[in-house]
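Welcome! Have a look at the chains first, and then read on.

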Amino acid sequence: MSAVEPPPAAAGGTGAGSEPPPGAGGPGPRALARQRRRRAAAAFWRAYAANPAGVAGLAGLLLFILVALSAPLFVDTADLSVTRAPGSPYQPPSAEYPLGTDNFGRSVLDLVVWGSRVSLTVGFLATLVSVALGALIGVVAGHFGGWTGTVLMRVTDWFLVLPTLVLAIALATVLDRSVFTVILAIGITAWPTTARLVRAQTLAVEARPYIERARALGGGHWHIMGRHVLPNVMPLVLAQTTLMVASSIIAESTLAFLGLGDPTTISWGGILQDARNAGAVSSGVWWYLLPPGLAIALVALAFTLCGRALEGVLNPRLRERR
Amino acid sequence: MNYLEVQDLTVSYRTAAGELPAVRGVDLAVAPGSKVGIAGESGCGKSTVALALLRLLPASARMGGRILLDGEDVLTMRWGRLRAVRWAGASIVFQGAMHSLNAVHRIGDQIAEPILLHENATPAAAARRAGELLEQVGLPARRAAAYPHELSGGQRQRVMIAMALACGPRLIVADEPTTALDVMIQAQILRLIDQLVGEHGISMLMISHDLSVLADTCDRLAVMYAGRVVEEGPADQVFRSARHPYGAALGAAFPTIGDPASRRSPRGLPGDPPDPAAMPAGCAFGPRCPVAEPRCAETDPVLWPAGPDRAAACVRVLSDEQARGAGVPAGGAAPAEQVAAHPEKEGRTP
C-alpha cells in the first residue's frame, strides 16, 4: 500500500526512530564527524582572523599566487624575447607599459609577473626539501638519542655555523646551472634550524606515556616515529614551513642576483642582476630596479606574517602573550 | 609450570651520583590463570619490576637475574623476538589512561595498532576486531571513531583494557590500573578486569599501593619495600594478618567502615622509604619499624617461611618459627648466618 511513496522514514514508526536516516532527525556518525571538522576549521579560522597582520599576509600571498598561476593568460612569452622586444629600451612608465621597459625594450611588468612563477616555485620546493630533511633528521636525532643523536646534532651544528649563503654559492657553482640546482642548494643549506626545532619537540613528545605504551605493544622505531611522534610534531613543522618559504625566496633571489641561477629563466633576482649589468643604477632607471625588489620584499613579508599568525594559533602560549 | 617466573631480579639506575639500586633481588612466580598482586608505597620498585618484565626501562637501567616468560628469558632475548613477545606474550594496562592514549588518533585505530603490528591482519579485519574488543569492555563498537578527549576517565581505562586484550596475551600486567579514577568507577573497572581475566584464562600481575584493592582481586600478594619483597602469601592472609611489620602497617592503614575507633585514630606509618643511595645497615625497614630490636640494625633478613605457603623477611618471624622448631637448619650459629645460608625460595609453592 505504501509502494507509491517508499521514503525510509515512513517504513516503520518505531524502527525508523531508533536508527534515523542521515539528514533527517539526528545526523549519522559520518555527518557528525563532518560537522565537527567544519566547526574545528571555523574555530581555527576565527583564531587566525583575530590577527589582522596574518589576514593581510594571507591576502597578499593569495594575490601573488593567483598572479603567478594566471600569468600565461595576460603575458605573451614572445614579448619576453630579448631579440624581438615590443617596445624601445628604457621607456619610463606609461599607459602602454605601466612599469616602463628594460634595456631591450621588454615590459618590466611582464617580466616581474613572469618572474614570480620561478621565484615562488623555487621558494616552495626548496622549503619542502629543507623542511623534510630537517624534520627527518630532527625526529631521528630526538628518538634515538645517545650516539646517533649526538652525531646528528653535531652535523646540524656544523651546518648551522657555516654561512648559509657561502655554502649555497659553493654548491650552485659546483653543480650544473638549473632551477633544480638552486632548489637543492637552498634546501641543503637551510635545514638545520628545522632539525633543531623538531628535535626539541620530539624529545617533549617522546617523554609522554603513550610512547611507552607504543613501545610496550611491540612498536618498532619507525612505527613510533611515524605514527606517534610525527603527527604531534606536524603543527610546528607547518608553521616553520611558512616562515621558511620567505627566506627561501630571498635566498633564490640572492643566488640569481649573484648570477648563479639558471640564466635562461626569468626570476626576480635575475631581473635585478640584468638591471645591474645594464647599468640601470647609474643611469637612474628606477622602474627597472624597484618592481622586482619590492616584489621580493612583499612576498617575503606576506609569508612571514602568515607564519607568525599560524604560530600564534597553533601555540596557545604565544596567543596569551599577545 | 609457571607462565612468568622472576628469579633474583635486580635493577639499578646509573645516575650522576652513581648506581642507585631500585630493585634488589626480587623473586616472583605467576602460575597460568592466577592473579598475583604487588603492593608497596611509592618508590619501592614495584613499577620498575612491571616495566622490567618487558624490558621497557630506560637505557640508564641495568638489569640482573632472570625473567622467564613461558620458559624464555626476557633479559637475553634478541630485539626482534622481544618485540614479538611484547603485547602478544604479555600486555600492560598502564596507569593514567589519559596520557597513554595518543590524542591525535582515534581510539579504534589505537586498539587496532597492536593487531596490525603483530598479526597479518588487514586494516578492515583489525578495525572489526577493535569493535569487538570495545563491546567486550562495555563500550559500543561505534565509539571506535571517537578521540581520547571525548571519553571519560573510566571509558579511557576501558579502552586501555581492550587494547591489552587485543593480541590474546597470556599475561596482563596491570600497573595501578585504577589510580586516577573515583571509587565507583574503580570498582567497575576492577570487576571488569577480574571478569575478563577469568573468562579468557589470562594470568595477571596487578600492581597497586592499595592493599585492599589487591586483596579483593588477587589470589596471592607480595609486599615490596625498598626494592625487595618483604612478605608473600595468599592475598587475604597477607591483608588480614601480615607477619612483616611493614605489611601489617599497610594493612592497618585502612579504616574499618562502621568502626568509629579506627577512624579517630588512623594508624599511619611515619617516615619515608630509605634513599636508595644510602641504605640503612641491617634491615631496610628497621629505622621506621615500630617493633625494631637492636639486632635489626645488624641483620639483613631475607624471605623466610612464615607459616603454610607464606614467607616474610623479618628476624622476628625467623625467631618465632625457630621457637616452633619448623624447618630450622643446624642450630647454634648466629641468626644472620642462618638467614644467609637458607635457600630463599623455600616455603613458597605457587
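Two residues are taken to be in contact if their C-beta atoms, placed from the backbone, lie within 7 Å. Please keep in mind that this is a predicted model. With that in hand, the contact between the chains takes 18 residues from chain A and 23 residues from chain B.

**Where chain B touches chain A**

- On chain B, four elements each supply at least two residues of the side that touches chain A: helix H2 (79-88), strand E6 (90-93), helix H3 (97-100) and helix H4 (107-118).
- H2(B) gives the largest share of this side of chain B, with five residues.
- Sorted by class, the side of chain B that touches chain A has 13 nonpolar residues, six polar residues and four charged residues.

**Chain A on its own**

- Chain A has 13 helices and zero strands.
- Read from the N terminus on, the elements of chain A run α-α-α-α-α-α-α-α-α-α-α-α-α.
- Chain A has 322 residues, and 38% of them count as buried.
- Among the contacts in chain A with a separation of 6 or more, 67% are accounted for by residues 24 or more positions apart.

**An annotated stretch of chain B**

- An unreviewed UniProt entry carries the annotation "domain: ABC transporter", which covers residues 4-251 of chain B.
- Over residues 4-251 of chain B, the chain is 40% helix and 28% strand.
- The end C-alpha atoms of residues 4-251 of chain B are 27 Å apart.

**Two residues of chain B to look up**

- Which phi does B:Arg55 have, although it is not a glycine? The phi of B:Arg55 is positive, at about 55°.
- You can find B:Arg55 in the loop between helix H1 (46-53) and strand E4 (61-69) of chain B.
- B:Arg55 has 18 other C-beta atoms within 10 Å, so this residue is partly exposed; a buried residue would need 20 or more.
- B:Asp309 is not a glycine, and yet B:Asp309 has a positive phi of about 65°.
- Look for B:Asp309 in the loop between strand E11 (304-305) and strand E12 (311-312) of chain B.
- B:Asp309 counts as partly exposed because it has 15 C-beta neighbours inside 10 Å, while a residue with 12 or fewer would be exposed.

Methods:
Residues numbered from 1 in each chain as written. Chains lettered and ligands numbered in written order. Predicted model: local features only at pLDDT ≥ 70, side-chain atom pairs only at ≥ 80, totals over all residues. Nonpolar A, V, L, I, M, F, W, Y, C, P; charged D, E, K, R; others polar. UniProt positions renumbered as here; feature names shortened; annotations may be inferred.
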